[in-house]
Amino acid sequence: MKTLKSFMLLVGILLGSTVFYSCLDDDGYSPDKYSFGIATIKPLGNNNYYLQWDDSTTLWPASGVTPDFGVDKERRAFINFTLLGDSISSGIPGYDYIIRVNKIDSVLTKSIVADLGEKNDEYYGNDPIWMKSVWIEDGYINFQFESYFDGHTKHFLNLVKMNNTGTYELEFRHNAYGNIDSSIRPSAGLVSFKLDKLEGKTVKLKIKYKSFVSNDYNTVELDYKSKDTEDTEE
């Protein structure tokens, strides 16, 4: 079982904003400038990797810190980096930019899980959250949220694909294992789920979650199109 412990300090850098990264600025490639946000680690084998910043921009980590987590599988990561130049002038073709990695931390990255029917509440949990932002990027759906984390108790987060008749209905599930303590200050959380199991033409994703605000279920709707499947609509 993959679990969620206390969230990394990186989330605090987001400052509660729904905008997660600064724009890439290649004007002069100043070593004093930096960008930060969420990217996808693309493994190349032998502990080598590159980063995909959005749906298409690729970054080669030429220098800087080395991840203290494995890069042998694709996952999301929070990065703080400085642009060093474009890949062609830097002599490393095949990528858009060459960067120095100032800081990199792993983001909890998971696959969508199956609907367990009546056992969903028992296994996946039914605890509320404050949903701050939901967005799709590079084949992942990403959630920024808040809940009560004491830094010790493990929480369980999942995105459940509901068994229904052809629609793309998902449920964001949070299991705090009974440790919802309103006497402590809420903390921010960040998790990404891979959308590779949802292939087809452009569809409407409906994501349901339980909210602290209403003490009831809320729904977020997003359009999604698989990068691997062309839309057949005329």
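Two strands are said to pair if DSSP finds at least two bridges between them. Strands of a sheet pair through backbone hydrogen bonds, in either the parallel or the antiparallel sense. The model discussed here is predicted.

**The barrel**

Five strands close into a barrel, and their order is β1-β2-β3-β5-β4, with mixed pairing. From one strand to the next, the twist averages 55°.

| Strands | Sense | Bridges | Bridge partners |
|---|---|---|---|
| β3 and β5 | parallel | five bridges | Gly-64 and Val-101 |
| β1 and β4 | antiparallel | seven bridges | Gly-37 and Ile-79 |
| β4 and β5 | antiparallel | nine bridges | Asp-86 and Tyr-97 |

Strand β3 covers residues 58-64, while strand β5 covers residues 97-106. Strand β4 is mostly covered, since 10 of its 12 residues are buried. Phe-78 is located in this strand, which spans residues 75-86. Is Phe-78 buried or exposed? Its relative accessibility is 2%, so Phe-78 counts as buried; the cut-off for a buried residue is under 20%. Although Phe-78 and Leu-190 are separated by 112 residues in sequence, their C-alpha atoms are 9.9 Å apart in space.

**The nonpolar cores**

Which residues have the most contacts inside the largest nonpolar core? This core has 24 residues, and the residues in question are Ile-141, Phe-143, Phe-145, Leu-159, Phe-172 and Ile-207. The elements that each give two or more residues to the core are β8, β9, β10 (156-161), β11 (168-175), β12 (187-194), β13 (203-211) and β14 (216-224). Strand β13 provides the largest share, with four residues.

Leaving aside residues up to four places away in sequence, Ile-207 touches Ile-141, Phe-143, Leu-159, Leu-170, Phe-172, Asn-218, Thr-219, Val-220 and Leu-222. Another core, of 16 residues, lies apart from the largest one, and its members include Leu-59, Ile-79, Val-101 and Ile-104.

**Two loop residues**

Asn-46 is found in the loop between β1 (35-45) and β2 (48-52), and its phi is positive, about 55°, although Asn-46 is not a glycine. Asp-138 lies in the loop between β8 (130-137) and β9 (140-147). Asp-138 is likewise not a glycine, and its phi is positive, near 55°.

Which of these residues is buried, and which is exposed? Asn-46 has a relative accessible area of 77% and is therefore exposed, the cut-off for that class being over 50%. Asp-138 has a relative accessible area of 3%, and therefore it is buried.

**Confidence in the model**

The mean pLDDT of the protein is 81, and 79% of its residues reach 70 or more. Over residues 1-20 the pLDDT stays under 50, and the model has 50 contacts beyond four places in sequence for this stretch. The pLDDT is also below 50 over residues 229-234, which have eight contacts in the model beyond near neighbours in sequence. Where pLDDT is low, the predicted coordinates should not be read in detail.

Technical notes. Residues numbered from 1 in each chain as written. Predicted model: local features only at pLDDT ≥ 70, side-chain atom pairs only at ≥ 80, totals over all residues. Heavy atoms only, no water. Axes fitted to C-alpha atoms, helices over the stretch in contact; angles between N-to-C directions. Buried < 20%, exposed > 50% of the residue type's maximum accessible area, 1.4 Å probe, protein only. pLDDT = per-residue confidence, 0-100. Contact = heavy atoms within 4.5 Å. Core = buried A, V, L, I, M, F, W, Y, C linked by side-chain atoms within 4.5 Å.
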